[in-house]
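Visitor: I am new to this structure and would like to learn how to read its features one at a time. Could you take me through them slowly?

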Amino acid sequence: MRSAPIRASQQSGRTGLWTVLLVLAAMLAVFLTPPTAAHAADSLLSQGKTATASSTENAGTPASAAVDGNTGTRWSSAFSDPQWLEVDLGASASVDKVVLNWEAAYGKAYQIQVSADGTNWTSIYSTTTGAGGIETLSVTGTGRYVRMYGTARATTYGYSLWEFQVYGTTGGTGGGCGTTNAAQGMTATASSTENAGTPASAAVDGNTGTRWSSAYSDPQWLQVDLGSSVTVCQVVLNWEAAYGKAYQIQVSADGTNWTSIYSTTTGAGGIETLNVTGTGRYIRMYGTARATGYGYSLWEFTVHTTGGGTVTGPPTTDTPDFGPNVTIFDPSMSTTSIQSTLDTVFNQQQTNQFGTQRNALLFKPGSYSVSANVGFNTQVAGLGLSPDDVNINGYVTVDAGWFNGNATQNFWREAENFSVTPPSGTDTWAVAQGASLRRVDVHGNLKLDPTGDGWASGGFLADSRISGAVNSGSQQQWMSRNNTWGSWNGSVWNMVFVGDTNAPAQNFPNPSHTVVAQTPTSREKPFLYVDQSTGLYKVFVPGLQTNSSGATWINGTPAGTSLPMHTFYVTKPGDTAETMNSALAAGDNLLVTPGVYHLDQTLQVTRPDTVVLGMGLATLVPDNGVTAISTADVDGVRIAGFLIDAGTTNSASLVQIGPAGASVDHSADPTTVQDLYVRIGGTGAVGKATNSLVINSRNTIGDNLWLWRADHGSNTGWAVNTADTGLLVNGDNVTMYGLAVEHFQKYEVLWNGNGGRTYFFQNEMPYDPPNQAAWMNGANRGYPAYKVADSVTSHEAWGVGSYCYFNVDPTVVSEHAFEVPNTAGVLFHDLATVSLGGVGTINHVIDNAGGTANSTTNNVYLVSYP
């Protein structure tokens, strides 16, 4: 069985004829297609929408590939008839044009069909003489769903489409009741839940096999935050057997003051469709009398709004203004001017650890003879599609002169997507946590510790090539993923290499090199670039890789999708959460420019494959105890490039990936969280959060995360910047690359899901327990840094280290750094514990295995467990 349709160039004996026929077919399709009438509001409706199919040939040809805007990816079906490809436009639309961009395996007989409900179909085009190539079809029809329904293939293979494009208009006159479920994927809360398996979120997940159920008492309510004020025209209650006999439907502008828009005392259960009229951001079912002895139980709570279901967001454009904190350099600018700007920004940011200024310094394609020192809260990046499109003949440097040669506080800075040729042959990138070096081409050596070989404490290097040697020097720990270099020299406590070409040999603990030959599943970080053919900005979103090694771009542009800027709302400092949520609700991505954004509501990401990309360490501050970002249980969300500062009112969580109880398999299109840094305290405001990052969605990938309860700066202390847990993982098959979690007051990491994997873990336990009695986990002294729940049967970790420095009371003891169930499926490789300066004690490395790190023996290593 073949894995993909054989291309014309691969088919012996008919190569030339096949190629000519395909070219002629494409030309005929272009020249013979009847002209279509112009439509003022005609637009491409299908791109990025949810697509499904009768079958797929293999995992590399999913339905979504036909609506991703990338003519280098495709959907292909099984080798049989009939087959279909369907797209959900999200709202009822008037369709006037369909474009089929066929691969060699095309349809000879097929129909174009529309449907209001995805079940009952009407044909609006039919042919038995399909020509392949690019077929542009003038059609007339109305529906939310559109599909190509193939009944006869032109080849022995399946049906294969590079792109399936549907054009038309949505919303009609804007006065009708839409078909989009405005509640789906939004934040739901309830007065109570019967048990953990019936959360409020289950009533808005689009899955009629999951449900919310309440306690067995009256009154009870289920509430949904729709993200912005809307006019509600219909509510559908899909009751389980335990239904409401007397209830109201209520709306609210603030979630506190409610207005009833429907009331009954004779509820019948089953599926109740209620035509209502009301306006509000919040909506709820408020039950006052149950029909049974049980609680209230809803399979789904569906909300329809006026305007055809279309949500209008803030304006977007292909020529955005990136705001006051983005500086863009062009090769035509004078070298003196560019260098002056770089020096000015660095002088402002060199010691500005907790300041509010944010900067992105971007270089258009070309060559520059300048040097950039990278200070706090600064991003330096090239704007080419390839790193080698931007050549810096100079240095891009992080050093530690500001801190007397100590690099352990060189946090919160990023550099990516350029080549650098250091005049001396060596560039210096001496950083600690919360810093990333990605997608760079260093023509020479790379030094990872500061001038004078002072201390350095951790960093992250990915998707890069260094032609010479990487010298880690005094770096205590480091994470490298998918890099290519001449050689690697150096090791202290914990150096982890995953998918690196020419990595050092596996050896632990002296030198402490943990080596994994291939990266099992990963995606590189999205990035802004200039399309040199048009001069327009775009965002490149790299594709999923499996079992990979080396940098992705060395042999040409890697797999991925280029998104035009009009698909992004580009924020500026001062934008509100409501504005950003309206953009997300309208189907836009977010490009968040450098600045500090206070959020009075959660940014809600509900559309699959949404990109939320921060520039210049864009900082989100959740106020009034809200969560900064939450996602629905959908495929492919990309969140990257943010500093999350906890607010003064305690948040239950700061970032939440997927609702509680999320259960969808996202292995084909996982959500990715990259260069995400959390800070609790240290600034001028007291930060508080129970959990920092909560991951409920399955298959999520974390890539360079630093979750930090501040140990220095202002407003720090055991009873001041309070925070229980850094990372809470509830989803199955979650993978972490480069995970640093520090100073939390209970478990630093609590992992409840099965199938988890961590490649590199760095931790410092809280410095400030006032005494042992204040830091007890039941009868055990202290909390482990990394806890795998007793119910977990499969988990694996490589290159993990935990350190203590109990400087308030050095007699404090942590019983063990890692606590895991003793089962065959839970495996840890290359573990280290350190008593920093001998201040404090870690009694065991993992469970009751491994020696004691204390003032006598500072460092303890364990090769494997069990």
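Guide: Let us begin with the names of the elements: helices (H or I, at least four residues) and strands (E, at least two) are DSSP runs, numbered from the N terminus. The model is a predicted one, in which local features need pLDDT of at least 70 and side-chain atom pairs count only at pLDDT 80 or more, while totals for chains, interfaces and linings use all residues. Residues are numbered from 1 along each chain as its sequence is written, and side-chain values use heavy atoms, with hydrogens and water left out.

Visitor: Where is asparagine 547 placed, and what is its phi near?

Guide: Asparagine 547 belongs to strand E36, which covers residues 544-548, and its phi is positive, near 50 degrees, in a residue other than glycine. Asparagine 482 is another non-glycine residue with a positive phi, of about 55 degrees, and it is found in the loop between E29 and strand E30 (484-489).

Visitor: Is asparagine 482 buried or exposed?

Guide: The general idea is that buried means under 20% relative accessible area, exposed over 50%, and partly exposed in between, with a 1.4 Å probe and protein chains only. Asparagine 482 has a relative accessible area of 0%, and therefore counts as buried.

Visitor: How many residues of strand E31 are buried?

Guide: In a regular strand the side chains alternate between the two faces of the sheet. In strand E31 (residues 494-498), five of the five residues are buried, so the strand is largely enclosed by the rest of the structure. On one side of E31 are Asn494, Val496 and Val498, and on the other are Met495 and Phe497, so that both faces are covered.

Visitor: Which strands pair with E31?

Guide: Two strands pair if DSSP finds at least two bridges between them. E31 pairs with E29 in the parallel sense over five bridges, and phenylalanine 497 of E31 stands opposite serine 480. E31 also pairs in the parallel sense with strand E32 (residues 513-516), over four bridges, where threonine 514 is the bridge partner of valine 496.

Visitor: What joins asparagine 510 and proline 511?

Guide: The bond between asparagine 510 and proline 511 is a cis peptide bond, with omega about 0 degrees, and proline 511 has its place in the loop between E31 and E32. Another cis peptide bond runs from aspartate 81 to proline 82, with omega near -10 degrees, and proline 82 lies in the loop between strand E3 (75-76) and strand E4 (83-102).

Visitor: What does tryptophan 239 touch?

Guide: Contact means heavy atoms within 4.5 Å. Tryptophan 239 lies in strand E11 (residues 220-239) and counts as buried because its relative accessibility is 4%. Not counting residues up to four places away in sequence, tryptophan 239 touches several residues, among them Gly244, Tyr247, Glu272, Met285 and Trp299. With glutamate 272 there is also a polar contact between side chains, at 2.7 Å; such a contact is a pair of N or O atoms within 3.5 Å, where within protein one must be able to donate a hydrogen and the other to accept it, and residues adjacent in sequence count only if both atoms are side-chain atoms. Tryptophan 239 and glutamate 272 are 33 residues apart in sequence, and their C-alpha atoms are 7.9 Å apart in space.

Visitor: What is the volume of the second largest cavity?

Guide: The second largest cavity has a volume of about 100 Å³, and of the 18 residues that line it, the closest to its centre are Gln433, Gly459, Asn704, Ala740 and Phe760.

Note on methods
On a 1 Å grid over the protein atoms alone, a cavity is a set of points where a 1.4 Å probe fits but cannot get out, and a pocket is an open set with protein on both sides within 12 Å along at least five of seven lines; lining residues have an atom within 4 Å of a point. Grid points are joined across faces, edges and corners, and a volume is the space filled by probe spheres set on the points.
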